[in-house]
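Hello,

Here is the structure I promised to pass on to you. Have a look at it first, and then read on for what turned up in it.

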Amino acid sequence: MLPPVTTPATDILRFEDVSTRFGEETIYDRLSFSVREGEFLCILGPSGCGKSTSLRLIGDLLGIQGGSVEVDGLPPRSAWNKLAYV
């Protein structure tokens, strides 16, 4: 019997060395992570820790000062048809 054919999981969300600041305050300093197709991500933390900032970056509602954000391999401004934002 042949082993099952598996396809490599693709990243549907990727933050690569993302840096974001509000004025003099650094929010993210080289933040990197990825979420693969089929994974479930939950971002938890206290008020002011950057949860909403990450959503704004994913939705291209906020610019970054360094690094890159990709949604399904595209920059956020090109991926609006792949997002739901509430």
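One cut-off before we start: a residue is called buried when its relative accessible area is under 20%, exposed when that is over 50%, and partly exposed in between. Please also keep in mind that this is a predicted model.

Let me begin with the overall layout. The protein has 1 helix and 3 strands, and along the sequence they follow the pattern β-β-α-β. The radius of gyration is 15 Å, well over the 12 Å that the globule rule gives for 86 residues, so the protein is more spread out than a compact globule. Along the principal axes, the C-alpha trace spans about 60 × 25 × 25 Å.

Next, the surface and the inside. Buried residues account for 22% of the 86 residues. The protein exposes about 6,400 Å², and carbon and sulfur atoms supply 54% of that area. As for charge, there are 8 positive and 11 negative side chains, and the centres of these two sets lie 2 Å apart. Contacts also reach along the chain: of those between residues at least 6 apart in sequence, 50% join residues at least 24 apart.

The structure holds 1 aromatic pair. It is formed by phenylalanine 15 and phenylalanine 33, which are stacked, with 4.6 Å from centre to centre and 20° between the planes. Phenylalanine 15 lies in strand β1 (residues 11-22) and phenylalanine 33 in strand β2 (residues 25-36), so the pair ties together parts that are 18 residues apart in sequence.

Phenylalanine 33 has 24% relative accessibility, so it counts as partly exposed.

Finally, take a look at leucine 74, in the segment after β3 (66-71). What does leucine 74 touch, leaving aside its neighbours within four places in sequence? Leucine 74 is in contact with Val69, Ala79 and Lys82, once those neighbours are set aside. At 30% relative accessibility, leucine 74 counts as partly exposed.

Enjoy exploring it!

Best wishes

Key
Residues are numbered from 1 along each chain as its sequence is written. This is a predicted model: local features need pLDDT of at least 70, side-chain atom pairs count only at pLDDT 80 or more; totals for chains, interfaces and linings use all residues. Side-chain values use heavy atoms; hydrogens and water are left out. Helices (H or I, at least four residues) and strands (E, at least two) are DSSP runs, numbered from the N terminus. The radius of gyration is taken over C-alpha atoms; the globule rule is 2.2 Å times the number of residues to the power 0.38. Buried means under 20% relative accessible area, exposed over 50%, partly exposed in between (1.4 Å probe, protein chains only). Contact means heavy atoms within 4.5 Å. Accessible areas come from the Shrake-Rupley method with a 1.4 Å probe; for residues, only the protein chains shown count as cover. Lys and Arg count as positive and Asp and Glu as negative; His and the chain ends are not counted. The place of a charge is taken as NZ of Lys, CZ of Arg, CG of Asp or CD of Glu. Rings of Phe, Tyr and Trp (its six-membered ring) pair if their centres lie within 6.5 Å; planes under 30 degrees apart count as stacked, over 60 as edge-to-face and the rest as tilted.
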